[in-house]
Structures are given as structure tokens and as C-alpha cells.
Amino acid sequence: MRIDKIDIASNLDNGKCPPRIFLYPPNSQLLMKFVCTQHDLNVNLALVSRAVSTRPTHPVLANIKIAATTNPDGIQLTGFDLSLGIQTNFIAQVEDEGTLTLPAKLLNDIVAKLPSGEITLDDEAGENLVTITSASGRYQVRGMSAEEFPELPSIEQGETNQLSATAFIDGLKGSLIACSQDESKQVLTGVYLKVEPERLEFAATDGHRLGIVEVYPNESESSQMPQAGSVAANTGSFEVTVPAKALRELEKMLGSGQEGGRLGLQLEQGQVVFGWGDRKLTTRTLEGKYPDYRLLIPKQFQRQITVDRKQILSALERIAVLADQSNLVKFSINSTNQSINLSVESQDRGSGRESLVAQISGADLDIAFNIKYLMDGLKTLPTQEITISLNGPLEPVILTPLGGVKMTYLVMPVQLRN
């Protein structure tokens, strides 16, 4: 009789639970063998590897879980770092069912370099020693038992909400850039998401800037929706703050040909699951009340500028090479000449100046910004022309696109010093 102690699933977080013991009959083995294409395995490995920890708290968390089933024939890959989990499925010719885990980086490195065509994976050698066979050669990789791999969190009672994938991508593009990197302000390291039957609202702020995107159904997409005119079908209103790390991975995965489809969302306290096609991403939610960011937006403005977004972005990119550690760029707004003068000065590097034509209403003003924050906002705005609304030299400045997605990018000015 073989006795294996499998304690990772119950002791991974705090070690309070006693170890579980599994008994197997003598000489029992759970063998696995399947044939798939190098392309399918390589693509799906790359996806789930994004959820594998680079500094795992236990060796098994550096692995990818592989499960082969015959009804229907298919392979399921899972990566999980205890906070973010990614799971994918693809079709393969499965000869023997089984489950095991293999080192993510090593497996990725091998499979990515194999020639295109069919490859075979089997653990007939036993002891979790997997043989990978392709037209060019044969490799053996030692893994670990799947019993030690923690299960992805499941949501038993959570209702599945169907969202527009295109609308979700638009919201992420305009909000993720403003998330905080400061872990001490944990709730600000995520995107606040408000889902209503008629719209989605995304918001993120790091205290220096704020990105808000409101997404409504559009004519080109309404025919694809289960309920015409709804961006979030079959759901009521709810709010949740999701870690930026998870949403960046979701944005990459949704951007791979998922535009125009539906994104399933399940939510329970402390956990959210996104699902689409044969893929799933799960992540914890961020606790704490998100600040009332609408209070930061001024009710009215004394000055307004309409300018070509690409022209001002190109000018900023040119003079940014001369910015010093302060990252400061000065705007001199001249309403008489209908122009904006941009300038950067550094004692160590030199200086740079650019001048742009713009439509300006309101009095002249000198104002300064963190050049990186300003460029980040300009890159996310989706239209050719934008509006810059502002008051005094130390009051919030609002950048909005002319047409297209309803987006607001707020950036705080920097105090000018003589």
C-alpha cells in the first residue's frame, strides 16, 4: 500500500488545517496520453502561464495543471498563483485520461521551439515523468502530482452576467492607465466597475490623475446582443473593484479576436470570474470603499481648448527627451494668437520648445503638468480632436474626446516655480 501526504491544498495559505492522506492500491498509476498540434498547445500554454507565479510560495505553484479527458476529447490547462487564475480548453486526441502538473517555464520553452505539426505527451514512464514527442525529437520533463495543485475558486451561487466584450475592452483602455502602483492604497490598485443594464462605467485613480469611461450600446453592436440596447444583458446593477493586474491580462486575452462577442461575469463577495469561449479568468476582488471620484470633477470651466490630439502628443514626445527627473512640461496658453507653447527646461540637459495652433476660449494662462501623466491620457483618448477644459493653474484639468466613447481623463497640474 502506498501512502501519499497531500497537504498543499489545505495548508497553502496558513497551515492551520491538518494534512490530508490519500491511499492508493499497490502499483496504481494515473497515466495520461494525448496528441495535439504544437500551435494549440503553444498558444494555450502562453495564456495560462501569465497566472503562474515567478516567486511561488510552494513548488507546485510554478507549474501548469494539465487535465486530459476523453468525453469529449480535450485538454484543460490551468495556471494559478492563489490570486489570479487562468484556465483554457482546446481539442486534442486523448488516448488515456489523466491529470498532472509540469513546470510552466520549462514546458513553455520546449513547446515554443518545437516544429509545427503534431506532438504527443504521455506519462507512461510513471512517477509524473512526461515524454514529449515531436517530428524533430523526444524530451522528458518531470512534473508533480495534480493532487498538490490548488483548485481554482468556484462560485456556486453567483449569477452569470453577460457583458459586451467590445464595450469592456473600451472601458479598460481608458481606465487601467490611471491605476495606482502604491500597494499601501490597495483599493486604488484596481479598476472600479459599475455595471447597469444600460451602461458600464469604469474608473481608476492614483491621486494624481483619474480615468473614467462610460460605455453605452452602439448601433453596430446592438444586433449581436441578447437584449437589444443592453450592454449588460440579464443583470441588475452592481459595483466591484478588480485588481489592475488581472484586468491587464483580461484585456490582452480579450484583444485576441474576442471583440464583438460576449463576456460572462460571475460575482460573489471576494471573488469574480470572467468567462468567454473555452477560457476563464478568476481573481479576488479588492476590499474597501472606492472614493467618490465624481467630486473631483469641476462643475464649470473658465477656459477651453480644442486641439489635434496627435499633434500635441507628438510635440510632447519630442520635448520629453529633455525632461529631467521632475518630468515637468509648461503650457503657455495664448488666446490672442490662438496657440499653445510647450516648453521643457533642465539645467543638466538643456531645453525644448514647441508651438501648436489651437482653438482657445478664455484668458491666457501658464500651467504645468507631469509630462508622463499627460501623455498617458492623450494616448488613451480615441479621437483625432480633443477638448482640454481648465480653470486656474492648480485646479484639475479635464481631457475629453470629441465624439466616440464617453471618456474623461483628469490630470492635476504641478505648481510652477520661478
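A residue counts as buried under 20% relative accessible area, as exposed over 50%, and as partly exposed in between. Arg-294, at 33%, is therefore partly exposed. The model described here is predicted. The chain has eight helices and 30 strands.

**The whole chain**
- The chain has 418 residues, and 50% of them count as buried.
- The accessible surface comes to about 20,700 Å². Carbon and sulfur atoms hold 47% of that surface.
- Take the contacts in the chain with a separation of 6 or more: 67% of them join residues 24 or more positions apart.

**An open sheet**
- Five strands build an open sheet, in the order β7-β3-β9-β10-β11. Their pairing is antiparallel.
- The edges are β7 and β11 (138-142). Each edge strand pairs on one side only.
- On average, neighbouring strands of this sheet are turned by 20° against each other, direction ignored.
- Strand β10 covers residues 129-133 and pairs with β11 over five bridges. Leu-129 has Arg-142 in β11 as its bridge partner.
- Helix α2 (residues 38-48) lies across β3 and β9 (118-122). The helix runs at about 95° to β3.

- Lys-33 sits in strand β3 (residues 33-37) and Glu-95 in strand β7 (residues 93-96), so the bridge ties together parts 62 residues apart in sequence.
- Glu-95 is partly exposed, because its relative accessibility of 40% falls between the cut-offs of 20% and 50%.

**A salt-bridge network**
- Salt bridges link seven residues into a network: Lys-194, Glu-196, Arg-199, Glu-201, Glu-214, Arg-294 and Lys-406.
- Arg-199 is buried, with a relative accessible area of 15%.
- Glu-201 forms a salt bridge with Arg-294, and their closest N and O atoms are 3.1 Å apart.
- Glu-201 belongs to strand β15 (residues 199-205), while Arg-294 lies in the loop between β21 (279-284) and β22 (303-308), so this pair ties together parts 93 residues apart in sequence.
- Is Glu-201 buried or exposed? Glu-201 counts as buried, because its relative accessibility is 4% and the cut-off is under 20%.

Definitions and conventions:
Residues are numbered from 1 along each chain as its sequence is written. This is a predicted model: local features need pLDDT of at least 70, side-chain atom pairs count only at pLDDT 80 or more; totals for chains, interfaces and linings use all residues. Side-chain values use heavy atoms; hydrogens and water are left out. Helices (H or I, at least four residues) and strands (E, at least two) are DSSP runs, numbered from the N terminus. Buried means under 20% relative accessible area, exposed over 50%, partly exposed in between (1.4 Å probe, protein chains only). Contact means heavy atoms within 4.5 Å. Accessible areas come from the Shrake-Rupley method with a 1.4 Å probe; for residues, only the protein chains shown count as cover. A salt bridge is a side-chain nitrogen of Lys or Arg within 4 Å of a carboxyl oxygen of Asp or Glu. Two strands pair if DSSP finds at least two bridges between them. Axes are lines fitted to C-alpha atoms, for helices over the stretch in contact, and angles run from 0 to 180 degrees between N-to-C directions.
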